[in-house]
Each structure stands twice: as C-alpha cells, then as structure tokens.
Amino acid sequence: MPTDPPAVAESIIVHAETLCEREDHLWDVIQKLSIPIDNLEDARDQNRVNFGTDEIFRTLLFKGIRGISQNELAQRLGQEPSLVKSFHLDVTDLSNTPTQQELSYAHAQFSEDTQKVLDRTVVGIRQAALDNGVLTEGLVPSVPTDDDEEPQSANEYKKEKAQKTLTLARKHVIPEFDTHRAAHKKYSDEVMLDMFASICANNGSAHSEAEYGWLTDDDLVCDDSTFLRAIKKIATPKGSDAQLTFEDFEDDDSMPEINQIRDATMTAFNAATKNIINSIRGDDPFDSRETVAAIDITHEQFHVWPWEDKEAGIAKPDYPEMVSGYKKDGEYKRGYKYATITLVGDHAPIVLGIEPVKEDSVWESDDSPSYSKAELVSRLLDRAEQFVDLDTVMFDRGFHAKRVYADVHDRGLTYLSPVPRYEDDLAAIQDIQAHPTADEAVMHDVPVEIDSEVHHEVEYLYTPSTSDDADGKYAVFVTNQDRVEPEEISSVVNGYSRRWDIENQYKSIKDFMPKTSSTDYRLRLCNFALSTLIYNLWRLTDYLIKVALDEPIRSPPVITAKTFVRALGDFLREFG
C-alpha cells in the first residue's frame, strides 16, 4: 500500500521522463516503464483475475494520458495488438482483452491512495511526453489565458502550429513508412524520406534530386537507383523483391487482387493517418458536428500508347495492367487511377483512405479483370470508419450504382450523389412534387432494388444546374435521407458543395508527386500515398492555424502547399 502517493508517483514519473527522451511513442514508454507494484493496493484477488495490477495500471495510464473513455480504450485494445503488448496483457486472442466493465471494476478496486498515484502519474507523464514530442496532442496547446502573458500574434501562431506539425511528421507520421532494408544500410529511411520531400518541393524526380546532390557534394543525397529501390521496398510484400504481375495475385476467380502491394503500402499510410487524426483528437473536432466524407477518383496520366496495331485490335503485350482508360475534358486518355475518401465540410480535409482502381479498357480482352465500384467504396468506408464515425458520404456521379448505395445504407449512413443521366423534361416524369414557386422538384420513395428485391427507398432531387458541363437544364441528385420536402431541396443540394474542391485536392497531391516513367506499380502507388500524406500534413497545419485564429475553415490556406513541403524537407534533414 502506498504510504506516500506523491513519492510513489514521482518515482514512476522520473523513469518516464528518461524514457521520453529516447522513445518516439507513448505506448513504448508505458511498455518499458517500471511500476512499483508492491506500493500499489488492488482489492481484487490476484489469483482469480484475468489481468493483474501491473497490466491494469499500465492500461489505465494510457487511458488517462490520452484522455479517452474506457469504452474507446476497450475497443482499441480489441483492434490493436501493439497496445496489448505495450500494456503486458497476456492474451493470444484480441477478443479476450479487457472489456469496459473489467476496466471500470478494476479501477474501482484500487485503493484511494493507489488512485491518487495513478492520477498524479498521468499528469506527470503527459507533461513529459509533451515536452519531448512523444505525445501528439501537443499539437493543440492551450491559448494563453494568464493576464500577465503577452497574447501570441497571428504570425506566432502560424509558426507554432506549423512547427508542431513538422515535429509530428518527423516523429509519428513519416517513420511509419519503413523500407525494410538491412540495418547496416548506408542511407537511413529518414534520408530517403527527406529526399522524397525535397523532390516534392521542387516538383522534381529521383534523377534530378540525385543529380543536384552529386553537383553539390551532398552526403545526404543518394543516387536515384538507390532511392527508387528504397521507395519500392515500402510497397513490396513480405518475402518478395521482384516486380509483381497480375498472375502473382490471381485467385480462383481470376480477379487481380493487388492486395499484397496495396496492403503493404496502406498499412504504413493507415498508421500515419491514425497518428494525424490522433493529433487533433484532443480538440474533439469529430464529436460535436456532423462528419461528412467524399469519395472520388483521380488519374495519374500515362502517355504511352497501348496499341501495337489498333486497326487490327492488337494491344501491346507488356502494357501496364493497372493503367485504365478515362475521359477528361472531352478527350480519351490513359492513366493510373486512385480512389480516395476525404473528410470534407467544416473538418480538416484529411484523406482517410486510398484504393487502387482497375477498370476494363478498350485495348484489353473482354474477360480482363477489374474492381467494382461497390468493392472500392466498401474498402474505403472500412478504412475511414477506423478513424472517425461518419454521418454522411458524398459521391462523384461515377459511383452511381445500386450496390454502392446499398452498402452505405446498410452502414446506417446518409448518402448524396449526382445522377449521371436523367429525363430533361420534368413534366414527363410522373409523381414529381414540385415547389410552388421555385424551379425545383422531388420524386419521393423511389425503390432501390437489389436482386429483384427492394433494398431501400430514396429521394430524387431535381434542381437547376449551376455546372457548365451538366447534361441538361437540371442537375439531379439521389439521397437516402428521410423524406425531403420541396422547400428543403436547395439546402440538401447545397450541402454537396461541402465536398470542398476535390479537384484542387488532387491537383495539390499531383503537384507533390515525383515525376517518373516507371511502370512498377509499387513505385506508382507508394508515390501517390506519400504525396497524399504530405497533403494531409499541410491541411492539418492549415486547420490548426485557422482554429487557433478563429478563421473560417474553408477560407484560403494560410500557408501555401509549396512553402509547407519545402519546410518539411528542411526539417526532416535538420532533425532526422
């Protein structure tokens, strides 16, 4: 029993301070922390409990330091093996981790003095973690309230928030991209990712960056072949080194699951994104307002002609399988395609998930494999829902498909999407309820059928088009929102503008991407994922500054993308 709770807590905090100086993650600090169990009192019978005092104390330390609920903690334990290991929880099945009720009961069985030790230790370790950049919530420091303190200027806020994001990038985001190279490698992963950021800042390529390093005798710049091998390693499935083809991934249905390349890349991207989301979780930006996400597809143009003899219908045998055709600005083009899901509206526009896209193309055989839009949407929603609780999903008209809508509806989410084709003459459409004064109309309770059965009912909204490329006089939207009255049409449809400007998002990401002519899909996908991550960090910085200065979230960026990525490269180099 702790006869002196402050002294017991101080002994734990002192060790934590030492650990925080050399560890990058809070869970590593907690795992290696010395806990004086003999000085803690737990009324539970230690011979009959699943988790002892040591394990529960570490688990509750994390809960207190991170400021999360017991329910959220229990959910995370059931999903994250790294946390289970860090808290010394001896389980082989994540379904057997402590429940919210077990955590609550164990805490109640701690003596009053032991609870004081826990509370004091939480405060002390949190501060040590903040001071050493271990705790990412340090991105949201409190605005000074002491009357004797000088308030920070707008420029000081910009600098502080930007530097906090750069610290986050260095310690908790970029390092998630592990090249899995030998420990004795000449150039570290930090050097490789510093080069990547520098390439992004200069809109260059691996060759141009390596050439500049050679001209300037820069020891922290490797040759382009070494750099490209390292980036490919990030997306290389375990145990494989070669360029991977569709044949390597075909299953019994001959469907080309690029799961291994995708999962190798997305494992790193997901971990980095989780760290970004956690960095603003302390400000609860997702709890007090509607959370809206937008799903769309972008293209990375590939200029090589696919035909060996177009008139004869003979395609090049070695043409990259992941290149698909698309139409843009009235022209037919070819390129790599990526689907994304992005937070929109009044949130920081963070990209939560990426999916490779493979579609049938005219130069391919009729039985060529492809991904369905429903599969893409399902995987993107699965990924996004790991991070946030979504309320509404908005789609580009290219996702107009019954099974897409059915999946979203089954998740209890609202969707809103434009319809590609529709009747121009509203008078010819029966059962349309028109607004008495406005040029708008709604068709209620239209059934969506799946396998000849009604899955759910939707509303079709007709409103005057404001788009230059609209197919007619009216724009038509479909939503599973409960009955929309005519006077509500404008409000619902105007919500579609909350998608932000997705095209500007994609433009920024493509501006970051290194130039390459490689057809190795590992390099292509990893380039897109890393460039998207840099975009996320830039948007995070912009969001934090605007929140601190009480500026509209949708106002123009306070720091340009080019300035941010240049600073990121310099910061990684200086402190890497």
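Predicted model: local features only at pLDDT ≥ 70, side-chain atom pairs only at ≥ 80, totals over all residues.
Me: OK, back to α14. Which of its residues are buried?
Reply: Helix α14 covers residues 402-410, and its buried ones are Val404, Tyr405, Ala406, Asp407 and Val408. Buried means under 20% relative accessible area, exposed means over 50%, and partly exposed is in between (1.4 Å probe, protein chains only).

Me: And what covers those buried residues of α14?
Reply: The cover includes one helix, α13 (373-384), plus the strands β7 (392-395), β8 (414-418), β10 (441-450), β11 (453-464) and β12.

Me: What does arginine 411 meet in a salt bridge?
Reply: Its side chain meets that of glutamate 385, at 2.8 Å from N to O. The two come from distant parts of the chain, 26 residues apart: glutamate 385 is in the loop between α13 and β7, and arginine 411 is in the loop between α14 and β8. A salt bridge here is a side-chain nitrogen of Lys or Arg within 4 Å of a carboxyl oxygen of Asp or Glu.

Me: Is arginine 411 buried, exposed or partly exposed?
Reply: Arginine 411 counts as partly exposed because its relative accessible area is 23%. Glutamate 385 has 32%, so it is partly exposed too.

Me: How many salt bridges are there by that rule?
Reply: The count comes to 25. Some join up: Arg262, Asp263, Glu355, Arg379 and Arg383 are linked in a network.

Me: What about glutamate 23, which side chain does it meet?
Reply: Glutamate 23 forms a salt bridge with arginine 22, at 4.0 Å from N to O. Glutamate 23 is buried, at 10% relative accessible area, whereas arginine 22 is exposed, at 57%.

Me: Switching topic: where is lysine 333?
Reply: Lysine 333 sits in strand β5, residues 331-344. This lysine is buried yet has no salt bridge. The nearest side chain of opposite charge belongs to aspartate 329, 4.7 Å away. For charges, Lys and Arg count as positive, Asp and Glu as negative, and His and the chain ends are not counted.

Me: So which residues is lysine 333 in contact with?
Reply: Leaving aside neighbours within four places in sequence, lysine 333 touches Gln301, Ser324, Gly325, Tyr326 and Lys328. Contact means heavy atoms within 4.5 Å.

Me: And aspartate 482, where's that?
Reply: Aspartate 482 is in the loop between β12 (474-479) and α15 (489-494). With a relative accessible area of 67%, aspartate 482 is exposed. From its C-alpha to that of histidine 444 is 9.5 Å, though they are 38 residues apart in sequence.

Me: Last one, how many helices and strands are in the chain?
Reply: There are 18 helices and 12 strands. The chain has 576 residues, and buried ones make up 51% of them. Of the contacts between residues at least 6 apart in sequence, 66% join residues at least 24 apart.

Technical notes: Residues numbered from 1 in each chain as written. Heavy atoms only, no water. Helix = DSSP H or I, 4+ residues; strand = E, 2+ residues; numbered from the N terminus.
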